[in-house]
Amino acid sequence: MAFTIRQLQFFIAVAEQGTVSGAAQNLSISQSSVTEAIKELEGDLGVELFERHPRGLNITHKGHQFLRHATKILADVSDARRAFSGEQAAAGGRLQLGVTSLVAGYVLSDLLARYRRAYPGVEISAIEDNGDYLEHLLIGGKLDIAVMVTSNLRDRTALQSEILEVSPYRLWLPLGHPLSGADIIGIGDIASEPLIMLTVDEIEENTGKLLAAIAAKPHVAFRTRSVEAVRSLVATGAGVALLPDLVYRPWSLEGDRIESRDISGSLPVVQVGTVWRRGSGLPQSARDFIGLAQSQRMVRQRPDKNGR
């Protein structure tokens with residue numbers, strides 16, 4: 001029996017939420033429906049997509065590989081529907097796009113690939129830079145739209161945004177770390193741990209605010225702008241990291257496993273979205289980009305009205 005679109009949607013929801021209950025709540029369906037869909041999908045593929053444990057599910061290496069295929073399949077289905085509903089634009093035009101470094105490889109790549117397929121006549125120019133500079137370019141009319149972290153926008157009176165993804169902070173640990181077996185991890189539990197600090201976008205600022213709540217001064221073992229460097233350093237036991245779930249992957253480039261755990265208490269979240277100048281007459285190319293980005297968010301969040 002071939003897998004269904006519905007099973008792929010449920011699989012992606014579980015992979016993102018880390019629990020069947022979280023996925024079921026996000027999809028507004030029963031937990032038993034999610035569990036059955038995942039079992040059927042694993043049976044069809046002949047692999048285990050998740051490792052089960054008392055606190056939820058960890059995606060396996062095979063599951064992580066399949067996640068990219070599943071996401072692409074759903075995006076292609078959405079593109080096909082748009083093409084046959086008359087939404088695909090044959091017209092040309094230009095799109096001047098900005099992106100921050102944190103989201104360039106985690107949000108923009110798939111979104112931009114879909115946009116190019118849907119609107120092949122549009123000429124796209126893109127720039128990657130920090131959020132403050134992108135805001136300056138948007139306000140000055142040098143960019144049509146930006147995909148960036150929106151939770152720390154400086155000039156909300158001049159800019160308008162639409163959220164695409166909300167990502168909570170979690171603790172990254174090497175496999176077998178003593179904290180990985182704790183029932184509850186508080187922010188104070190990592191006070192004595194060497195910290196690997198990512199220094200892009202608002203990450204260092206938010207991490208500093210989190211750690212300021214504890215009495216002990218945090219020991220920053222390494223600062224880097226590279227997420228891959230953080231993965232490698234955490235996986236080999238050089239330290240732990242507090243990062244948004246958006247950039248979490250369970251393996252480093254060397255193939256070492258990385259654990260991700262919730263932290264108790266009130267932690268900030270990272271909001272990623274599209275941003276444009278308030279009150280500006282957006283070109284059709286930018287309006288199409290916003291619409292496609294919103295449709296991708298909806299595809300990832302819930303099944304269609306027929307439950308497929």
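Because the model is predicted, local features need pLDDT of at least 70 and side-chain atom pairs count only at pLDDT 80 or more, while totals for chains, interfaces and linings use all residues, and side-chain values use heavy atoms, with hydrogens and water left out.

**The whole chain**

Of the 308 residues, 45% are buried, where buried means under 20% relative accessible area, exposed over 50%, and partly exposed in between, with a 1.4 Å probe and protein chains only. Of the contacts (heavy atoms within 4.5 Å) between residues at least 6 apart in sequence, 75% join residues at least 24 apart.

**Helices α1 and α3**

Select α1 (residues 5-17) together with α3, whose axes come within 9 Å and cross at roughly 110°; axes are lines fitted to C-alpha atoms, for helices over the stretch in contact, and angles run from 0 to 180 degrees between N-to-C directions. The two helices are therefore roughly perpendicular, since angles of 65 to 115 degrees count as such, with under 35 counting as roughly parallel, over 145 as roughly antiparallel and the rest as oblique. Showing side chains, you will find Arg 6, Gln 7, Leu 8, Phe 10, Phe 11 and Val 14 of α1 meeting Ser 33, Val 34, Ala 37, Ile 38, Glu 40 and Leu 41 of α3. By class this contact holds eight nonpolar, two polar and two charged residues, with Ala, Val, Leu, Ile, Met, Phe, Trp, Tyr, Cys and Pro counted as nonpolar, Asp, Glu, Lys and Arg as charged, and the others, Gly among them, as polar.

Within α2, the buried residues include Val 20, Gly 22 and Leu 27.

Now step to Ser 28 in the loop between α2 and α3, which has a positive phi of about 60° although it is not a glycine. Ser 28 is exposed, with a relative accessible area of 66%.

**Helix α8**

Move to α8 (residues 227-235), where Val 227, Val 230, Arg 231, Ser 232, Val 234 and Ala 235 are buried. These residues pack against several elements, among them α5 (101-118), β6 (159-174) and β8 (219-224). At the N-terminal end, Ser 226 caps α8, with a side-chain oxygen 3.3 Å from the backbone nitrogen of Glu 228, and α8 is followed by Gly 237, whose phi is positive, near 90°.

**His 177**

Finish in the loop between β6 and β7, at His 177, which counts as buried at 12% relative accessibility. Its side chain makes a polar contact with the side chain of Glu 193 at 3.1 Å; such a contact is a pair of N or O atoms within 3.5 Å, where within protein one must be able to donate a hydrogen and the other to accept it, and residues adjacent in sequence count only if both atoms are side-chain atoms. Not counting residues up to four places away in sequence, His 177 touches Glu 193 and Val 240.

Note on methods
Residues numbered from 1 in each chain as written. Helix = DSSP H or I, 4+ residues; strand = E, 2+ residues; numbered from the N terminus.
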